[in-house]
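Here is a short briefing to read alongside the model. Take a look at the fold, then follow the points below.

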Amino acid sequence: MSPRLTMEPLDLERDLGLLHRWVTHPRSVYWGMQDASVADVAGEYARIAEDPHHHALLGRAAGEPQFLLERYDPRHHPQLAELPELEPGDVGMHLLVAPTDSPVPGFTSVVMRAAVASILADAPRVVVEPDVRNDKIAALNAAAGFRVLRHVQLSDKVAALSVCDRADFAASRLGRAGQGGAA
């Protein structure tokens with residue numbers, strides 16, 4: 001049985017230490033904050049909190065903090081806004097599952113399924129732009145139904161601009177697992 005997942009707005013005052021540990025952990029290298037100080041992380045997430053087009057959510061499993069979900073409007077993203085592939089109503093997603101020395105098999109898939117489903121509940125499509133070198137997220141995105149549209153040069157990486165709509169997700173391994181299929 002999957003743990004009960006909940007998501008709530010990130011409380012920077014309460015969650016800053018935890019967030020800093022997560023984003024600077026060696027397994028979070030693709031988050032791009034490896035050398036960030038606590039003040040750097042506080043500044044970045046204070047900026048997100050002030051942005052009406054970007055929201056950071058703390059995810060919990062069985063009440064314990066386990067993941068970070070960022071939802072954003074890619075049409076207001078400084079590096080994505082002009083991309084012709086964006087469509088009205090698209091919602092961008094960044095997802096970070098808490099790094100741990102004792103990962104639970106299948107947990108990241110459960111979190112991904114919940115994150116994508118939560119966005120698709122009120123948006124026609126999810127947009128992601130992971131680093132092309134991140135093979136693990138590429139496999140997870142494919143399992144959730146994301147389609148790579150093209151590679152895009154961003155300021156800090158070459159990104160695999162990818163999208164997933166409701167039909168893509170429903171037909172995917174993770175989408176079917178959420179409907180009672182195998183994960």
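In the protein chain, the mean positions of the 18 positive and 24 negative charges lie 7 Å apart. Lys and Arg count as positive and Asp and Glu as negative, leaving out His and the chain ends, and each charge is placed at NZ of Lys, CZ of Arg, CG of Asp or CD of Glu. This is a predicted model, where local features need pLDDT of at least 70 and side-chain atom pairs count only at pLDDT 80 or more, while totals for chains, interfaces and linings use all residues. Residues are numbered from 1 along each chain as its sequence is written, and side-chain values use heavy atoms, without hydrogens and water.

**Fold**
- The protein chain has six helices and seven strands (DSSP runs: H or I of at least four residues, E of at least two, numbered from the N terminus).
- Their order from the N terminus is β-α-α-β-β-β-α-β-α-β-β-α-α.

**Burial**
- Buried residues (under 20% relative accessible area, 1.4 Å probe, protein chains only) make up 48% of the 183 residues.

Notes. Buried < 20%, exposed > 50% of the residue type's maximum accessible area, 1.4 Å probe, protein only.
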